[in-house]
Amino acid sequence: WRDTREFDAVLLDAPCSATGTFRRHPDVLWVASPADIPKLAQVQMKLNGDHDQGLYLAQQSAAEADRNPYALDALSTALFFRGEREKGHSTATLARQSAEGLAHSFSWDMQCCLSALSLDQHAEALEQALAANRKMPAYRPALRCLVALHLLDGAKDKAEHYARRLKAIEPDFDMALLLSPDYPIDTLRALGHVDRLRDIIG
């Protein structure tokens with residue numbers, strides 16, 4: 001879903017982790033799944049901007065189950081927010097390995113793609129984006145990244161191939177959209193790759 005309207009404000013009533021209620025409501029410990037706390041850590045970091053609480057929740061969750069791909073993904077995200085890219089990438093790689101066999105493991109491939117890209121490891125980033133695309137051909141983040149990475153590598157024919165596939169899902173897509181500040185490629189933008197794409201796309 002994508003809404004192109006602009007809003008003056010957005011009210012966010014994000015779920016809390018309920019960790020503060022354990023003493024009064026210990027049943028929370030039994031009804032929460034192993035994926036709940038890491039997901040709440042992601043909410044704390046990405047929506048609430050509370051990176052310290054997100055890191056704490058991710059670390060606690062990873063300590064409880066060190067091969068929990070959700071916990072490792074949240075921990076990887078927390079490490080990136082702290083600027084610890086290499087550690088974040090190695091944690092993302094471990095998360096991807098732990099997620100192998102899950103129905104949506106392609107999202108962990110994509111996390112590895114983006115973390116490799118943050119370390120200027122373009123070949124690995126491309127490999128992980130391709131892995132995500134093989135598992136889920138209609139996964140738009142992988143298609144967007146494949147278009148951008150192939151353009152950056154000078155493989156325009158491959159970029160056009162993935163752009164056609166993306167256009168089948170996003171009918172309004174054309175490569176110039178990659179330059180739009182609202183187009184959902186935040187990691188590529190934060191790493192300065194959109195500036196490089198501007199020179200290529202024109």
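A residue counts as buried when its relative accessible area is under 20%. Keep that cut-off in mind as we walk through this predicted model.

Let's begin with the whole chain. Of the 202 residues, 43% count as buried. The accessible surface comes to about 11500 Å², and carbon and sulfur atoms hold 52% of that area. What about contacts between parts of the chain that lie apart in sequence? Among contacts with a separation of 6 or more, 52% join residues 24 or more positions apart.

Now let's look at a pair of helices. Helix α3 spans residues 51–64 and helix α4 spans residues 69–81; their axes come within 8 Å and cross at roughly 145°. This crossing is left-handed. On the α3 side, the contact is made by H51, L55, A58, Q59, S61 and A62, while α4 brings A71, A74, L75, A78 and F81. Sorted by class, the contact has eight nonpolar residues, three polar ones and no charged ones.

You will find it in helix α5, which covers residues 85–99. Is T91 buried or exposed? Its relative accessible area is 11%, and because this is under 20%, T91 is buried. Which residues does T91 touch, leaving aside its neighbours within four places in sequence? T91 is in contact with L72, L75, S76 and L79.

Technical notes:
Residues are numbered from 1 along each chain as its sequence is written. This is a predicted model: local features need pLDDT of at least 70, side-chain atom pairs count only at pLDDT 80 or more; totals for chains, interfaces and linings use all residues. Side-chain values use heavy atoms; hydrogens and water are left out. Buried means under 20% relative accessible area, exposed over 50%, partly exposed in between (1.4 Å probe, protein chains only). Contact means heavy atoms within 4.5 Å. Accessible areas come from the Shrake-Rupley method with a 1.4 Å probe; for residues, only the protein chains shown count as cover. Helices (H or I, at least four residues) and strands (E, at least two) are DSSP runs, numbered from the N terminus. Axes are lines fitted to C-alpha atoms, for helices over the stretch in contact, and angles run from 0 to 180 degrees between N-to-C directions. A crossing is left-handed if the near helix is turned anticlockwise from the far one by less than a right angle, and right-handed if clockwise. Ala, Val, Leu, Ile, Met, Phe, Trp, Tyr, Cys and Pro count as nonpolar, Asp, Glu, Lys and Arg as charged, and the others, Gly among them, as polar.
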